[in-house]
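Subject: Structure for your review

Dear colleague,

Please find below the structure that I am handing over to you. A description of what was found in it comes after.

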Amino acid sequence: MSSKKRKKVKSKFTKLFKPNLSVRIGRLLMKNPVMVASGCFGYGEEMSKFYSLNHLGAIVVKGTTLEPRLGNQLPRMAETPSGMLNSIGLQNVGVEKFLKEKLPFLKKQKVPIVVNINGKTKEEYVLLAKKLDSCDDIKALEINISCPNVKEGGIEFGSSALSAFKIVQAIRKVTKHTLITKLSPNVSSLQLKEIAQACVEAGSEALSAINTVLGMAVDLKNYRPALRSTTGGLSGPAIKPIGLRVIYELHQVVSVPLIGMGGILSVGDALEYLLVGSAAVAIGTGNYINPFLAFEVVNGINEYFQTNQIETGSDFSNRFKAWDDCKL
Ligand SMILES: Cc1cc2nc3c(=O)[nH]c(=O)nc-3n(C[C@H](O)[C@H](O)[C@H](O)COP(=O)(O)O)c2cc1C
């Protein structure tokens with residue numbers, strides 16, 4: 001057979017091969033593994049002008065609290081080499097307004113909705129989870145115990161296994177929703193593993209990681225920190241190696257699905273996260289750089305799986321070989 005003919009047959013076969021990209025995490029059933037990360041996609045209204053949101057696996061909405069919050073004082077964003085530093089401080093409309101004004105639009109998009117929940121105290125997390133429990137349009141709650149930009153709550157709960165256990169356990173008792181706990185990279189490897197195991201033991205059906213990495217930028221001209229809050233959370237390509245390491249480590253110690261994020265800017269970045277053990281990925285800062293990115297990553301993963309005859313995400317991650325497993 002001539003090489004031209006062979007290519008034609010191959011491309012016909014590739015088109016026929018349909019990978020199964022679907023991912024299930026409890027009640028959250030996604031048609032593909034591409035989510036958009038909390039705080040980087042608003043409530044989807046602006047982004048729906050670029051593409052139909054039902055192409056996505058799921059949307060994780062902005063961190064939601066019981067009461068509306070204005071967030072931290074300006075300046076609260078700074079550009080850094082290969083990254084972005086923010087200290088937004090969980091500015092959001094509050095749960096009542098979210099349910100009344102934001103959810104109706106999201107419902108129409110026919111894409112699973114995950115609500116990222118936050119509280120200053122354990123009681124606030126519990127009240128918020130209770131309020132959202134009766135809403136069947138929500139497919140999962142992502143418990144944010146890793147925000148580095150708020151004085152109370154956030155990372156305070158996510159930096160010890162005991163406090164993480166208590167928060168997840170208390171929320172588990174009051175909701176039927178699927179629970180995903182979002183972990184911080186701002187702890188040691190040992191703490192990370194202990195915290196992850198504690199969250200799963202307390203009833204979390206999945207883990208997501210990473211939230212932003214604590215950092216600082218300096219405004220040299222004015223002899224002061226670039227951010228009003230002095231420190232902030234670093235996101236974007238600069239943190240991808242940290243995100244990959246965290247997912248790799250979590251994959252060694254828990255068997256629940258992992259949602260990998262941190263610096264995904266291309267199809268290749270997303271594939272790397274899937275290879276080291278993520279069941280799904282989430283795109284954050286990348287949405288600001290290229291509003292079509294999540295849509296392109298969905299298509300790119302599908303194409304890659306087709307070309308390489310990979311049927312499912314777990315078939316793909318089974319191909320991963322750590323150096324210590326390699327029999328060379
Ligand atoms: C401006 C901004 C706001 C964010 N807000 C939230 C939030 O409300 N809740 C949360 O869990 N994570 C929040 N994050 C963290 C992201 O969801 C994501 O975990 C992190 O940015 C790493 O992914 P990336 O490098 O792709 O942005 C925010 C990140 C940014 C940049």
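The notes below go through the sheets, the helices, some backbone details and the ligand shell.

Please keep in mind that this is a predicted model.

**The barrel**

Eight strands close into a barrel, and their order is β3-β4-β7-β8-β9-β10-β15-β16 with parallel pairing. On average, neighbouring strands of this sheet are turned by 25° against each other, direction ignored. Helix α7 packs on the sheet, where it touches β10 and β15, and its direction makes about 165° with that of β15.

Strand β16 (residues 280-283) can be followed on both of its sides. It pairs with strand β3 (residues 34-36) in the parallel sense over three bridges, and within that pair Met35 has Ala282 as its bridge partner. Strand β15 (residues 258-261) is also joined to β16 by three bridges, and these two strands run parallel; here Gly260 stands opposite Val281. In a regular strand, side chains alternate between the two faces of the sheet. In β16, Ala280 and Ala282 point one way while Val281 and Ile283 point the other way, and all are buried.

The bridge partner of Lys182 in β10 is Ser208.

**The open sheet**

Four strands form an open sheet in the order β5-β6-β14-β11, with antiparallel pairing. Strands β5 (77-80) and β11 (213-216) stand at the edges with a single partner strand each, so one side of each has no neighbour in the sheet. From one strand to the next, the twist averages 40°. Strand β6 (residues 83-86) pairs with strand β14 (residues 231-235) in the antiparallel sense over three bridges, and Met84 has Ser235 in β14 as its bridge partner.

The buried residues of α5 are Ala161, Ala164, Phe165, Ile167, Val168 and Ile171. These residues pack against α3, β8 (138-144), α4, β9 and α6. An α-helix has 3.6 residues a turn, so residues three or four places apart point the same way.

Helix α6 (residues 189-201) has 13 residues and reaches 18 Å from its first C-alpha to its last, close to the 18 Å expected at 1.5 Å a residue. Its buried residues are Leu192, Ile195, Ala196, Ala198, Cys199 and Val200. The elements that cover them include α4 (155-158), α5 (161-174), β9 (178-182), β10 (206-209) and α7 (240-253). Just after α6, Gly203 takes a positive phi of about 115°.

**Backbone details and loops**

The bond from Leu74 to Pro75 is cis, with omega near -5°, and Pro75 is placed in the loop between β4 (58-60) and β5. A cis peptide bond also joins Ala209 and Ile210, with omega of about 15°; Ile210 lies in the loop between β10 and β11.

Positive phi values also occur in residues other than glycine. Ser82, in the loop between β5 and β6, has a phi near 60°. Because 13 other C-beta atoms lie within 10 Å of its own, Ser82 is partly exposed. Leu90 has a positive phi of about 60° although it is not a glycine, and its place is in the loop between β6 and α2 (95-108). Leu90 has 23 C-beta neighbours inside 10 Å and therefore counts as buried.

Asn118 is found in the loop between β7 (113-117) and α3 (122-133). It is buried, with 27 other C-beta atoms within 10 Å. The C-alpha atoms of Asn118 and Ile264 are separated by 24 Å, and the two residues are 146 apart along the chain.

**The ligand shell**

Which of the 27 residues around the ligand come nearest? They are Ala37, Gly39, Gly63, Ser235 and Gly284. By class, the shell holds 10 nonpolar, 15 polar and two charged residues. Ser235 is also the bridge partner of Met84 described above.

With kind regards

Technical notes: Residues numbered from 1 in each chain as written. Predicted model: local features only at pLDDT ≥ 70, side-chain atom pairs only at ≥ 80, totals over all residues. Near = placed C-beta within 6 Å. Nonpolar A, V, L, I, M, F, W, Y, C, P; charged D, E, K, R; others polar. Expected span 1.5 Å × (residues − 1). Buried ≥ 20, exposed ≤ 12 C-beta atoms within 10 Å, placed from the backbone. Contact = placed C-beta atoms within 7 Å. Pairing = 2+ DSSP bridges. Axes fitted to C-alpha atoms, helices over the stretch in contact; angles between N-to-C directions.
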